[in-house]
Amino acid sequence: MEGITAEVAMYTVNNIWILIATVLVFIMHLGFATLEAGFVRKKNTVNILFKNCMILSIGLLTYYFVGFNLMYPGGESAGGFFGFAGFGLTLPEGDAGGIAYASGAYSYYSDFIFQAMFAATCCTIVSGAVAERIKLVPFLVFCLFFVSISYPITGMWKWGGGWLDAAGFYDFAGSTIVHAVGGFGALAAIILLGAREGKYTDKGIKPIPGHNMPLAAIGVFLLWFGWFGFNGGSVLSADAANVSLVFTTTALAAAGGAVGAFVVAYMMFKTHDLSMVLNGMLGGLVGITAGADQMGIGEAIMIGMIAGAIIPASVVFIDSVLKLDDPVGATSVHLVCGLWGTVAVGIFGNMASLSQVLIQLKGFFAIGMFTFAFAFGVIYILKVTMGIRVSEEEEMKGLDAAEHAMSAYQEPEKISDYSLAIE
Amino acid sequence: MEGITAEVAMYTVNNIWILIATVLVFIMHLGFATLEAGFVRKKNTVNILFKNCMILSIGLLTYYFVGFNLMYPGGESAGGFFGFAGFGLTLPEGDAGGIAYASGAYSYYSDFIFQAMFAATCCTIVSGAVAERIKLVPFLVFCLFFVSISYPITGMWKWGGGWLDAAGFYDFAGSTIVHAVGGFGALAAIILLGAREGKYTDKGIKPIPGHNMPLAAIGVFLLWFGWFGFNGGSVLSADAANVSLVFTTTALAAAGGAVGAFVVAYMMFKTHDLSMVLNGMLGGLVGITAGADQMGIGEAIMIGMIAGAIIPASVVFIDSVLKLDDPVGATSVHLVCGLWGTVAVGIFGNMASLSQVLIQLKGFFAIGMFTFAFAFGVIYILKVTMGIRVSEEEEMKGLDAAEHAMSAYQEPEKISDYSLAIE
Amino acid sequence: MEGITAEVAMYTVNNIWILIATVLVFIMHLGFATLEAGFVRKKNTVNILFKNCMILSIGLLTYYFVGFNLMYPGGESAGGFFGFAGFGLTLPEGDAGGIAYASGAYSYYSDFIFQAMFAATCCTIVSGAVAERIKLVPFLVFCLFFVSISYPITGMWKWGGGWLDAAGFYDFAGSTIVHAVGGFGALAAIILLGAREGKYTDKGIKPIPGHNMPLAAIGVFLLWFGWFGFNGGSVLSADAANVSLVFTTTALAAAGGAVGAFVVAYMMFKTHDLSMVLNGMLGGLVGITAGADQMGIGEAIMIGMIAGAIIPASVVFIDSVLKLDDPVGATSVHLVCGLWGTVAVGIFGNMASLSQVLIQLKGFFAIGMFTFAFAFGVIYILKVTMGIRVSEEEEMKGLDAAEHAMSAYQEPEKISDYSLAIE
């Protein structure tokens, strides 16, 4: 270990933190999978798990093939709206290690794999909203285009140094760029897809409770766990002051979200609704994500509490007034709280100003409109070609039987003879 | 990255390790939630999950408002028994980064968020013991006072530089300060609360098995996982020699705990009881926590094995002799093994001496008596004002129905008509 | 923090990464436990969880007593085939920290605990294959010998500087040394044990689906999560270029494995089989493990896709042609994909050459034959002495009832009187 310099040691610790943050973001995919599995009915559980396995895999592969170079095109973008640095990865030249990144803070592959873990997230958000009635293969085709083309293009507008970055739009770790993008995709999808059979009837709106609350709770805790990497890694270094501030704002916003949802849900429903508190935590996390490095702790708590308070109202509004069927509340958590978090950057903290609020709104809706139009277009084409919805009979039987020929929970056979051996 | 010094690089790696340890301790809250959910009956599952969401959130928020400054009051404590440095957080002045901590080892916010994750743990321990019969809101009120006042005051006695620290009491990562504190709170609570309906009858003691062993196993593995951060982070730096020793003693004590519980449980029950082995692992972890940095590996194994061996005996003693109803065995794991671990610091390892045993006992019982009296007082007041126990009818129906109007596991509807669509 | 040098900072970051990787490998044991629990029938769930608790504990303890010093005997090995540096751990002398390792990169205890977490893995692999019919205590006796003697001896041949290392055999993180070793142990065990009752009948082969797909999915995601530590930690430092490359090849091979299995399983079964995709991800991970630091990203994707494509074919071949009953597909994932990954080092990447293919095959089969013979011998002796299989009646009742006198999922009592209180 001779000849080690302090710069090399610092580079190494920065880099290993980005990689550890990558691992944390990775496990958010399990968080989404179990959250969504818990919130759907038993008969659609395998389908949700299957989709989340494939989304993650498709997301990583397509981000390697095209996404990364669409999102970070270097100096080659057209007016800050679009750029492409070529297929696959190409190591920058010149560094002793062979793969040092321009900023010097972490390696090229660390940069890629951290960003790649983010990319698949936007489709995972859609996955929950369209659960229990979408056809598997068309959905995966949608994901392929959404994650490899739509997400990186709008991501480039800010994080790739595009026009929104130049305009002063701020989105630290992706309240808009990741979460609202997923939420707008979800919105387009559920409009085109329609509600689940039996959800909205002449006799009223049927609540369809999820089948497994422990799975849902596991999901939310894993998402919070991973969010320390999602936000903490977005510092893009292991800088002590910044990462520790981001950890603290992130955790206390989530805690605030739980309390906000607890209070408002009790006022609305006169009971203690676990799914609201779970989504309230997530709302707090989505809310703090845009400004996690710009807030004091008290401000982070405020942002989180308001986000949590929004959740029950938003869920009821989208379900009962808009009559949009979103089984897991993804539009409330990711789109509505994504909007709140994006705007909150202009209301609280270091960047608070009316002009910042306006640029935040501009960025949110610019990205939102592009994303909604892209998603609507792709899903519309899929609807008129492949079809996007399973048959009514398949929906009644459940997607596990229809698409996967299996059951999530195999019960013992009830036959009292020798075949008991294979119950 | 010019001008980086070795001191800055070292500061950064120390700090990032404290933050990673924070993430690991965070996930222990999911571990407690799933462990306790697995060990209760199906009808009380939502309630346990709900409580653990709120405890974590209340714990983080109140530790921010008052707890941190009660536990680490700086130079202002009254005789080493009580001090308070004011509400909320105030960054120390003078450091370039703005938030460097006095010791130089990690940032102010890292210090706060690591300690804050510990704080909620003590209530989570109580949560398991009072499961299946406590009213939700009074329990949360208790937690609010317990975590924001009682836990930080006794914590200050040692970790905040108080009178037990001056007296030579040693508790590396909290066998007494965290685990036994939770255990004493649990003891006070179950004495005042009484046993579950149908538990102790004229015909004998009814065992009430938990409803989901995979959930319980997930909980214990996540707790062990998080314990690497709980103990490893308590080194308060990334020092290679110390953290690696603590990792090794921690892991081998847990392994020893499993073996100790395996053997003794088989001798006692003539079968292989999974819940005893799971609690044996936890017992080993609690046992090593007070002296994880003071033991050789062989000594750590001994401490863990004895802790594991204690578990089946203690569970039976508390259940059958004392007739205290503790659905998850929290008093055995956290109180009894907390005592064992605290005393073991004086029996094994670098600090072994009779005088150390005595000071360990003194510290354990001083903290224990304060905690028990505080918890008993608060819960007693709640009992005579709000009431702390659900009605017999609510207990029979289950707390999920009574307090949350929902079911943890929604079964398909059994109607064979169109409504099958929403099964 | 005065007097800190860049060397010390670098040593600290390298060491803390090895410890964090240790934590990640630790949680793979929960991954195996839940994967296997999900893939067996309800009535054998407690048994699987129990075995995995004990395997981990026995593995850690015996690796401390003998395994580590068999695997890393220092200069004392007999012809590169066998060496032993004595019982227990002995800190090397001379370093300021007291426990610095010879290479200077991380501490002695870090070296031990990282390797110890690997060791138990090989038995966990066997555990899945023998599920639902093996007797508990003989299985644990087998594990004790397998993990403490067989695994370290063959591990020494390569990682301990033995004859295969001298011969040029390459196995970066253990496609052969860990995974195929587990697979060969599994193969020996299921040959001697025979199939589950009712599996192979005159009327054909009965598929026996697992009872809980969410548990299985949780398992696979946790294994992938942990694999970042398994492969990333095997760099044996926090070197930015190497660890980030290994993270990227590992993740994209897993993604490729999912896609490979998706396509081939659909071609074979005309449905979307979740268990195949889950095992395909694992196959991709096993496949990349031998050469994770030697591949480009495109090559890693190829290796993963081929591994994933192998899975459905191999599972069907072993089940239907060889008629070997492996409830979780462990032989396909760990033995067959372990072979593929080992050979792939000679086909793709920096080391590709025909001679390397040959030495890879030589190493694989040398280690495989030793392991198979050892495992077959130990299990054969157990079979003729203690017996290794539960009775047919116990198998029908399930191992949870037979060996543990408990049920994984306690259902509410169906009695409609007062005893409802303890449902």
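Predicted model: local features only at pLDDT ≥ 70, side-chain atom pairs only at ≥ 80, totals over all residues.
Let me start with how chains C and A meet: only 9% of the interface residues of chain C are also interface residues in chain A, so the copies come together through different surfaces.

Turning to chain B, we find that chain B can be laid on chain A by a turn of 120° and a shift of 0.0 Å along the axis, with an RMSD of 0.0 Å. The two copies are thus related as by a three-fold rotation axis. The C-alpha of chain B that is nearest the axis belongs to B:Ala6, and it sits 2.7 Å away. Here, too, the copies use different surfaces, in that 8% of the contact residues of chain B recur in chain A.

What does that contact between chain B and chain A consist of? Chain B contributes 59 residues and chain A contributes 56 residues. On the side of chain B that touches chain A, at least two residues each come from helix 1 (6-39), helix 2 (45-71), helix 3 (108-129) and helix 14 (399-404), and helix 1 of chain B gives the most, with 19 residues. Sorted by class, that side of chain B has 41 nonpolar, 16 polar and two charged residues.

Next, the nonpolar core. The largest one has 499 residues, and those with the most contacts inside it are A:Ala9, B:Ala9, C:Ala9, B:Val277 and C:Val277. If we take B:Ala9 and leave aside its neighbours within four places in sequence, its contacts are B:Ile4 in chain B, A:Ala6, A:Ala9, A:Met10 and A:Val13 in chain A, and C:Ala6 and C:Ala9 in chain C.

Finally, I would like to look at helix 7 of chain A, residues 213-232, which has 20 residues and reaches 28 Å from its first C-alpha to its last, close to the 28 Å expected at 1.5 Å a residue. Where does this helix bend? Helix 7 of chain A bends by about 30° at A:Gly226.

Conventions. Residues numbered from 1 in each chain as written. Chains lettered and ligands numbered in written order. Least-squares fit on C-alpha atoms with pLDDT ≥ 70 in both. Contact = placed C-beta atoms within 7 Å. Core = buried A, V, L, I, M, F, W, Y, C linked by C-beta atoms within 7 Å. Buried ≥ 20, exposed ≤ 12 C-beta atoms within 10 Å, placed from the backbone. Helix = DSSP H or I, 4+ residues; strand = E, 2+ residues; numbered from the N terminus. Nonpolar A, V, L, I, M, F, W, Y, C, P; charged D, E, K, R; others polar. Expected span 1.5 Å × (residues − 1). Bend = angle between axes of the 7 residues up to and from the residue.
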